[in-house]
Amino acid sequence: MTNRRLQVEPLDPPLDPSKFATTKYTWQELKEIIANDRFPIYRHVDQETTYRLYSRQLKKEWKSVCDFVLHCKFDFGRRLIPTISNENNDSNNANVNPNHISDKNEVLLSDQKCDKKMVNVVDAQTEKPLQPSHDGGMVKNNSHALNLSTLPIIPPPPNGYKWESYSPTSTSEEIMQEPQRVLAMNDFPYYMEDNIEHWCLWKLGGGDVDDQDIRWAKEKLNTRDDILEMQHWINPVQYKSLPDIDHAHIICLTQ
């Protein structure tokens, strides 16, 4: 396994813990929130810090978070696009040919799949590794945390470039007409009891997530024997972290 060493700077100022969940949601609490539209549902402050640190890193390395999701969830290819003049790039990037970056027939470093690999995380100030605690694999160091078990890690682009996603087989018009659905565990779940799983149903094209899409996802989950009950919801627009790709949340009570 190839590890990536990722430096993280703490959030400044750190988040206020009182504005986030301090106790884990029970199944009954979640059912009542969903039934009565009492959103939002919150993460723990450590989870939220993890989410914001990771999102901050994505925005540095990708054209948009949407591009990252298309690559990792929908298996789009990835290619490099320049962010500054190549004259400002250092000599280590001399092998990057900008003429290949926008050429769909010859794309530099494209069609590489998103892997979920272990990432070596170090404090950007002290250069010391962050050690895992005994709380769900969370790595903590004062105000910041990273969950090492699930975060998708992509090699960083060369200086002066960002990654963008692209579909090597479909035009944008075809993508919007032919819906694609992906069911995946939420990389940044809310603060729920340990026997509750948090899934995301992602949909690309064909309109918003509808009842048929929800049935499709639940049928896939229902093939498991350990799921006792399921609930779903779609966040109101003001709480959607990624409004460009429609998605629904599905939680499962397991035994």
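**Aromatic rings in their setting**

The chain's secondary structure comes to 5 helices and 10 strands (DSSP runs numbered from the N terminus: helices are H or I with at least four residues, strands are E with at least two). The model is predicted: local features need pLDDT of at least 70, side-chain atom pairs count only at pLDDT 80 or more, and totals for chains, interfaces and linings use all residues. Residues are numbered from 1 along each chain as its sequence is written, and side-chain values use heavy atoms, leaving out hydrogens and water.

First, the pairs. A search of the whole structure finds 7 aromatic pairs (rings of Phe, Tyr and Trp, the last by its six-membered ring, with centres within 6.5 Å; planes under 30 degrees apart are stacked, over 60 edge-to-face, the rest tilted). Tyr54 and Phe68 form one of them: their ring centres are 6.2 Å apart and their planes stand at 75°, so this pair is edge-to-face. Tyr54 belongs to helix α2 (residues 45-61) and Phe68 to helix α3 (residues 65-74), so the pair ties together parts 14 residues apart in sequence. Tyr54 is buried, at 5% relative accessible area (buried means under 20%, exposed over 50%, partly exposed in between, with a 1.4 Å probe and protein chains only). Phe68 also counts as buried, at 7% relative accessibility.

Trp62 and Trp163 make another pair. Their ring centres lie 6.4 Å apart with planes at 40°, so this pair is tilted. It links distant parts of the chain: Trp62 is in the loop between α2 and α3, Trp163 is in strand β6 (residues 161-166), and 101 residues separate them. Trp62 and Trp163 are both buried.

Now put the rings together. Ring pairs link Tyr51, Tyr54, Trp62, Phe68, Trp163 and Phe188 into a cluster. Two members also have an arginine over the ring. Arg43 lies over the face of Tyr51, 4.3 Å from the ring centre (such a charge is NZ of Lys or CZ of Arg, within 6 Å of the ring centre and within 35 degrees of the ring normal). Over the ring of Trp163 sits the charged end of Arg78, 4.4 Å from its centre.

Gln57 is buried, at 17% relative accessible area. Its C-alpha is 9.8 Å from that of Pro156, although Gln57 and Pro156 are 99 residues apart in sequence.

Helix α3 also holds Lys73. Lys73 is buried, with a relative accessible area of 15%. Its side chain makes a polar contact with the side chain of Asp187, at 3.2 Å (a polar contact is a pair of N or O atoms within 3.5 Å; within protein, one must be able to donate a hydrogen and the other to accept it, and residues adjacent in sequence count only if both atoms are side-chain atoms). Beyond its neighbours within four places in sequence, Lys73 contacts Val182, Ala184, Met185, Asp187 and Trp202 (contact means heavy atoms within 4.5 Å).

Asp75 is in the loop between α3 and β2 (77-82). Its phi is near 60°, a positive value in a residue other than glycine. Asp75 is partly exposed, at 46% relative accessible area.

The loop between α1 and α2 deserves a look too. Asp37 is placed there. Its phi is near 55°, also positive in a residue other than glycine. Asp37 is exposed, at 60% relative accessible area. Pro40 lies in the loop between α1 and α2, and the peptide bond from Phe39 to Pro40 is cis, with omega near 10°.

Finally, the core. In the largest nonpolar core, of 15 residues, Leu30, Ile41, Met192, Ile196, Trp233 and Ile251 touch the most other members (such a core is a set of buried Ala, Val, Leu, Ile, Met, Phe, Trp, Tyr and Cys residues joined through side-chain atoms within 4.5 Å). α1 (27-35) and β10 (246-254) each supply at least two residues of this core. α1 gives the most, with 4 residues. Leaving out residues up to four places away in sequence, Ile41 touches Tyr25, Leu30, Ile33, Tyr190 and Trp233.

Across the chain, buried residues make up 47% of the 255 residues. Among contacts between residues at least 6 apart in sequence, 73% join residues at least 24 apart.
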